[in-house]
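Please read the following points with the sequence and the structure open beside you.

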Amino acid sequence: MALFDCTCDGKSGNARALTFTTAHGDFHTPMFMPVGTSATVKGITPPQLRELKSQVVLANTYHLSQRPGEDVVAQAGGVHKFMNYDGPMLTDSGGFQIFSLADTRKLDDDGVTFRSIYDGSYVRWTPEENMRIQEALGADIAMQLDQCPPYPATREFVERAVNLSAMWARRCLAAHKRPDQTLFGIVQGGMNLDLRLESIRRLREIEDESLVAGGRRFGGFGIGGYSVGEDHETMFETLGQVARALPDDRPRYLMGVGNPTTLVRAVGEGVDMFDCVLPTRTARMGTAFSSQGRMNMRNAKYTRDFTPLDPECTCPTCQNHTRAYIRHLVKQDEMLGGILLSIHNLHYLLDLMRRAREAVLADAYAEFEAEWMASPAAKDY
């Protein structure tokens, strides 16, 4: 397969199983991407990521450009060599930071000015500068610079975000040149289906114009602006129609979503890729996903529970440690507690998506989803 080829290995209803080729190997969907914001997945070593059968790891352009600086990462040989991870990687553009740091940034048609959270200095990004930084970081997949509107937001505000994101998508695609890296466009539109579909129409129009001019196409598409304050049922009112309006021949990536049940449902709607800090962040707070639903390991009921964390799980944590020991670590604020729970939670989501792929390939995804929704595991909120 050629670089950035995408093949469909199977479908089951709206669920898909894809294979996507990058310079650092193929990845297979459906899949979850561990988040390594600053070129590290918190508490997890790169060899452990491989042992957990992680495929794509996500790093963040905003944070890496501030510390240690994209020039340092580039001098190290790119983000793969910098963190010693030899699998596919993706860099988020920093668009979410434009959303989350709204009090310290200023948007205009040409770009964004923001105040660094590290030293207070003012930084100016245009779409072209953002592409330069992501090319220097060298991940296999770069994301366009976009504006993510909050929820709730007025229709006027969301329309502005759609327009700005589309203008920046055109400039990102024109500026992006690195041959061993592909660029994903990002759909915005809040909870407004018509604005979402308009965002997709404009991305496809931008791509068509680029191809006519001898330029590049988007390697895939991010679905941004969900999980920004709305409840999950509100997201699902439009998610499926949005996903299925995107091209069939490339990955669809729901950004920033990591609840197990949400992943299972979203795959059934046609989504292929996911990322979220949830599995490692909640692990550091003492929380575990499990076949019995979400577990708070601070609960006293685990004090003398010498059974595995999740008897149905095959991860190293569950194979080697008891609930009582993990609760002890969590209560003592020992870093090993967060590490062991992070290993478990990441394995849980990675393995869940592996099983989802098997169900798609067997054309049995509806049964897989129904079985999941009827199980205690679905109680993960």
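1. Strand 6 and strand 10 (residues 141-143) run parallel and are joined by two bridges, where strands are DSSP runs (E, at least two residues) and helices are DSSP runs (H or I, at least four residues), numbered from the N terminus. Two strands are taken to pair if DSSP finds at least two bridges between them. Within this pairing, Thr 91 has Ala 142 in strand 10 as its bridge partner.

2. This is a predicted model, in which local features need pLDDT of at least 70 and side-chain atom pairs count only at pLDDT 80 or more, whereas totals for chains, interfaces and linings use all residues. Residues are numbered from 1 along each chain as its sequence is written, and side-chain values use heavy atoms, with hydrogens and water left out.

3. On strand 5 (residues 57-60), strand 6 is joined by four bridges, and these two strands run parallel. Thr 91 of strand 6 is the bridge partner of Ala 59, while Asn 60 stands opposite Asp 92 in strand 6. In general, strands of a sheet pair through backbone hydrogen bonds, either parallel or antiparallel.

4. Which residues point each way from strand 6 (residues 89-92)? Met 89 and Thr 91 point one way, Leu 90 and Asp 92 point the other way, and all are buried, buried meaning under 20% relative accessible area, exposed over 50% and partly exposed in between, with a 1.4 Å probe and protein chains only. Strand 5 is likewise covered on both faces, with Val 57 and Ala 59 buried on one side and Leu 58 and Asn 60 buried on the other. In a regular strand the side chains alternate between the two faces of the sheet.

5. A separate point concerns three strands that form an open sheet in the order 1-2-3, with antiparallel pairing. Its edge strands, each of which pairs on one side only, are strand 1 (6-12) and strand 3 (25-28), and the twist averages 15° from one strand to the next. Strand 2 (residues 15-22) is joined to strand 3 by four bridges, and Thr 21 stands opposite Asp 26 in strand 3.

6. Helix 7 (residues 155-175) and helix 8 (residues 193-212) pack at an angle of about 15°, with their axes 10 Å apart; axes are lines fitted to C-alpha atoms, for helices over the stretch in contact, and angles run from 0 to 180 degrees between N-to-C directions. Helix 7 and helix 8 are therefore roughly parallel to each other, since angles under 35 degrees count as roughly parallel, over 145 as roughly antiparallel, 65 to 115 as roughly perpendicular and the rest as oblique. Their crossing is right-handed, which is the term used if the near helix is turned clockwise from the far one by less than a right angle, anticlockwise being left-handed. By class, the contact of helix 7 with helix 8 has eight nonpolar, three polar and eight charged residues, where Ala, Val, Leu, Ile, Met, Phe, Trp, Tyr, Cys and Pro count as nonpolar, Asp, Glu, Lys and Arg as charged, and the others, Gly among them, as polar.

7. Helix 6 (residues 127-137) also meets helix 7: the axes come within 8 Å and cross at roughly 45°, and the two helices are therefore oblique to each other. The crossing of helix 6 and helix 7 is right-handed. The contact, meaning heavy atoms within 4.5 Å, is made by Pro 127, Glu 128, Met 131 and Glu 135 of helix 6 and by Trp 168, Arg 171, Cys 172 and Ala 175 of helix 7. By class, this contact of helix 6 with helix 7 has five nonpolar, no polar and three charged residues.

8. In helix 14 (residues 323-331), the buried residues are Arg 323, Ala 324, Ile 326, Arg 327, Leu 329 and Val 330, and they pack against strand 16 (295-296), helix 13 (316-320) and helix 15 (335-361). Tyr 325, also found in helix 14, is partly exposed, with a relative accessible area of 33%. Leaving aside neighbours within four places in sequence, Tyr 325 is in contact with Leu 336 and Leu 340. Helix 14 is followed by Asp 333, whose phi is positive, near 60°.
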